[in-house]
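Please read them alongside the coordinates.

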Amino acid sequence: MSSPSELPRHPVDLRSDTVTRPTPAMYERMMHAPIGDDGLDGDPSVHALEAEVATRLGKDAGLFVPSCTMANLLAVLAQTQRNEQVVLEGTAHMYTSERGAATFTNLFYLGVTGVDGAMDLDRLADALQAGGHKLKTSLVAMETTHNNAGGTVLPLAHMAAVHALARDRGAAVHLDGARLFNAAVALGVAPAEITQHTDTVSLCLSKGLSAPVGAVLAGPQKQIDVARTLRRMLGGTQRQSGIMAAAALEGVQHMGARLAEDHTRARRLSDGINALGGAITATVPQTNIVQVEVGATAMSNKEWVAALEAAGLKIRPWANTRLRCVTHRHTTDADITAALAAFSQVLAAPR
């Protein structure tokens, strides 16, 4: 029997790893962080975070920003000119959820078909062809882990091939690395082994790393200098932001190694759902995201979300016929047991 400390909270929250809360060590750092005005003479804690992330990702410099969406946008703006093209895998988050930025950048976003988040290299090569009626592609963007593909991790050989193709055609490469540390843990490599195949990279601090807010864009000094100016234009300059940066620094330095626990629990959730049989199936996760297909049931995914919440489990609808579950630092073994019980209860309920 579970002890009181092991009992699941109700409801169990698997909507996203963004629900993670700061650790006690983060709060301690926040209380004692040296701070300054990052829009004037700089903030020492922000500088420390930017330098730490840049070093860990093998880049010249870093830039602390409020969100990974802003980091991705700054990377695009710093490496393109108007009327050029950005090429991405067709289900990438930057394409499906952040493409609205094109409405004020005068850039064209081209989605390329792929498998498990990896672009078809022949189609990428074709997209990189310029001249005639084709726009110049100035930036190619990858994503790892890949959110819409269920947290899949790009193979390093694929990333190297994309980087080589882009370099040969004079295009830069950006990596949406919101969950980069999850990818590094899954591959068993340091993050810099992944980011060596990119020019710029974004890292979200408020997902599995458990910081309260923010992201870092890292890359060559020249591009980061441009991005810093653009950040001010977009209203992203923060003042005594060292309070937040201190918590993020704790996350970068100490929270990466424990992500393997999230991956293990995601696999247990997936195996348990698939063992239920019936009309639902779960993807086999490489990291901490499990997608559950419910299209063969008599319920819509939104109806599933409501029924599961009534049974004590909070998740999100995904696409038209899927659910998404994301494990994180606050997910316990007891939570996975409770989540599987909720799925079993809803699946067995009379329609």
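1. The whole structure contains 15 salt bridges, each defined as a side-chain nitrogen of Lys or Arg within 4 Å of a carboxyl oxygen of Asp or Glu. The model is predicted: local features need pLDDT of at least 70, side-chain atom pairs count only at pLDDT 80 or more, and totals for chains, interfaces and linings use all residues. Residues are numbered from 1 along each chain as its sequence is written, and side-chain values use heavy atoms, with hydrogens and water left out.

2. Helices here are DSSP runs of H or I with at least four residues, numbered from the N terminus. R231 is buried, at 3% relative accessible area, and D38 is also buried, at 9%. The classes are buried under 20% relative accessible area, exposed over 50% and partly exposed in between, with a 1.4 Å probe and protein chains only.

3. D126 and K134 form another salt bridge, with an N to O distance of 3.2 Å. Here D126 is partly exposed, with a relative accessible area of 46%, and K134 is partly exposed at 31%.

4. R265 and D333 also pair, their closest N and O atoms being 2.9 Å apart. R265 is buried at 17% relative accessible area, whereas D333 is partly exposed at 44%. Through shared partners, salt bridges connect R258, E261, D262, R265 and D333 in one network.

5. The largest nonpolar core has 43 residues, and L49, V140 and L205 touch the most other members. Such a core is a set of buried Ala, Val, Leu, Ile, Met, Phe, Trp, Tyr and Cys residues joined through side-chain atoms within 4.5 Å. Helix 11 (residues 242–254) supplies the largest share of this core, five residues.

6. Which residues is L49 in contact with, leaving aside neighbours within four places in sequence? They are F64, L205, V216, A245, A248, L249 and V252, where contact means heavy atoms within 4.5 Å. Another core, of 24 residues, lies apart from the largest one and includes W304, C325, A342 and F343.

Definitions and conventions. Helix = DSSP H or I, 4+ residues; strand = E, 2+ residues; numbered from the N terminus.
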